[in-house]
Amino acid sequence: MNKDIPELNKIYDTLVKVSNAIVSVINVDITIVDKNLNRITATGKYISSIGKKIDKSCLFAYALKYGKSFIIENPREHIACEGCQNKANCKEFAQVCCPINVDGNIVGIIGLIAFNEKQRNIILEKKKNLLDFLNRMADLIASKLKEDKKTEEITLMAKELEILVNSIDTGVIFTDENGNIVRYNLIADEIFQLDKNKIKNINTIVDNLSIKNLSSIEKNLQKNRTFNYKVNNSRFRGIYNAKPIIINKKIIGYIFTFNKMKEIIKVVNDVTGNNRITTFEDIIGESREISLVKNYAKKISKGTSTVLIQGESGTGKELFARAIHFSSDRKNYPFIPINCGAIPENLIESELFGYEEGAFTGAKKGGKIGKFELAHKGTIFLDEIGDMPIHLQTKLLRVLQENVICRIGGNTLVPIDVRIIAATNKNLEKKVEEGEFREDLYYRLNVIPIHLPPLRERLDDIKLLADKFLDRFNIKLNRNIIKFSEDVIALFLNYNWPGNVRELQNVVEYAVNMSTDNIITIDDLPKRFKNMHSGIIVDSDNKITPISELEKQEIIRALKVYGNSKKGINQAAKALGISRATIYRKIKLYGLK
């Protein structure tokens, strides 16, 4: 039998009514049992036995086994009574059994019992009509059971749907065709405080929305539309979607879904990885030059003033920008990087400020959020700011001055709270002189300047960086290279590194790929380093003098000319064409002081 069919006792009230109706019509006692032979309801002699289990050898058990209706005119003599243990004490004069069939499953029996000749005659005189009547009563009970089952299923489905709607991180509101709120989930109430604020119509939430205009929503869905919410002390921006509820080609209501803008932005940043945490400890370097910059950047990270990071390509400008952000009070909000030089000029404005639907040909339906909006409460990193078109510099200046943005094609000013960190490898002062960069914008950006030293001025960090990169690429490329050879380190220290830290990283990755041993040698380096190593001098005795020895000799010679004083060392560095930091490093390396 189907265990999903409700038990007969679940419709007890219906069974009592059916029993009373049968008795009033036929005037014969009735008993109804379930599939387990429990007496659910009864009249007359057996009324005191309701709720008790009857003997499994009785006529009801026989009827359950064969699932057919029958009339027993002579109890105790019928084949079904052969095994009855109560046969000797049986007082019944006649009996009618009719199974209750639900979709092919027998769930119980209706039994009519005659306890005297008069009742027996009633049964025998109307046998055919009586069986038809009982079958209809059985069908009525079966229909009630199926209805009860369907009601249970609908109730369960409604409960599951309620749990489902309440479990999603989106506010859901159902309205009628006029925008009147019918029901909503817990998130919607949490977002808008619907009960507390006594909000009855969707227009109170979505500004400038006319529910009448949504009649065309079937063809043109409201999707990813922005709105500003302002009721009592609640103020925020969000995004909503609207969809019609259509029955028989008629709109009977709408479903609205809502998200706060800050939640959308958080999801975007979590998915894109823009908020991967970077600290100053992640910036490799222990030299005096880089340590001074790191300490300075730590100090200014706690503020909100605009920062301008200047330095050659590959010096780690974005790394510093991230470290500043994640050391600030904005660390729990977005860090949005954008390379102003990598985006075509005709697209950068929409990337920065976003656009409204229909702002231009090809604009997305619903418009697009710009990077400044995505960075709200957080930090936006404008890399290669020196490449920003002059007409956008004016718009950026307005953002800095007024802390508002306006989407392309829009007329609404959107307030933002964003810290700007700009970076460039260009000489902005020179670009200002040449009219390629606005002077007022330059001074607005250059509130806190940071200059990152090139790698050639951080010679103490070269081996440290190379070793760190070696460890990284050993893991990435599944290698086990132990170290660099001494002549490789010497080459690294003498190389100018125009690509700075990024170039060093690429060189190490190349060498790890090329190496066939557990030590990186000259042969594993890119061609330019091999050519550099081949720059040796041969004297008349065919004796080869290494470059490092020649370098040492020239430094000694320069120091003899200019002296070992601070001023003399500076003059010697200038004469040799190297920086002050480099000559001090060489003096220490060769033990000249």
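This is a predicted model: local features need pLDDT of at least 70, side-chain atom pairs count only at pLDDT 80 or more; totals for chains, interfaces and linings use all residues.

User: How many helices and strands does the protein have?

Analyst: The protein has 20 helices and 21 strands. Of its 593 residues, 45% count as buried.

User: In what order do the five strands of the open sheet lie?

Analyst: In general, the strands of a sheet pair through backbone hydrogen bonds, either parallel or antiparallel. Here the order is 2-1-5-4-3, with antiparallel pairing. Strand 2 (39–42) and strand 3 (70–72) are the edge strands, each pairing on one side only. On average, neighbouring strands of this sheet are turned by 20° against each other, direction ignored.

User: How many bridges join strand 4 to strand 5?

Analyst: Nine bridges join strand 4 (residues 94–102) to strand 5 (residues 105–114), and these two strands run antiparallel. Val102 stands opposite Asn105 in strand 5.

User: Which strands does helix 1 lie across?

Analyst: Helix 1 (residues 12–26) lies across strand 1 (29–34), strand 2 and strand 5. Its direction is at about 40° to strand 2.

User: Which residues have the most contacts inside the largest nonpolar core?

Analyst: The general idea is that, in soluble globular proteins, nonpolar side chains tend to be buried together. In this model the largest nonpolar core has 35 residues, and those with the most contacts inside it are Leu352, Phe372, Ile380, Leu382, Ile385 and Leu396. Helix 11 (residues 390–402) supplies the largest share of this core, five residues. Another core lies apart from it, with 29 residues, among them Val18, Val28, Val107 and Leu130.

User: With which residues is Leu396 in contact, leaving aside its neighbours within four places in sequence?

Analyst: Leu396 is in contact with Phe353, Phe372, Leu382, Ile385, Met388, Ile420 and Leu441.

User: Where is Asp383 found, and is this residue buried or exposed?

Analyst: Asp383 is found in strand 13 (residues 379–383), and it is buried. The nearest side chain of opposite charge, Lys317, is 5.3 Å away. A salt bridge requires a side-chain nitrogen of Lys or Arg within 4 Å of a carboxyl oxygen of Asp or Glu, and Asp383 has no salt bridge. Leaving aside neighbours within four places in sequence, Asp383 is in contact with Lys317, Ile338, Asn339, Cys340, Gly341 and Ala423.

Technical notes:
Residues are numbered from 1 along each chain as its sequence is written. Side-chain values use heavy atoms; hydrogens and water are left out. A nonpolar core is a set of buried Ala, Val, Leu, Ile, Met, Phe, Trp, Tyr and Cys residues joined through side-chain atoms within 4.5 Å. Buried means under 20% relative accessible area, exposed over 50%, partly exposed in between (1.4 Å probe, protein chains only). Helices (H or I, at least four residues) and strands (E, at least two) are DSSP runs, numbered from the N terminus. Contact means heavy atoms within 4.5 Å. Lys and Arg count as positive and Asp and Glu as negative; His and the chain ends are not counted. Two strands pair if DSSP finds at least two bridges between them. Axes are lines fitted to C-alpha atoms, for helices over the stretch in contact, and angles run from 0 to 180 degrees between N-to-C directions.
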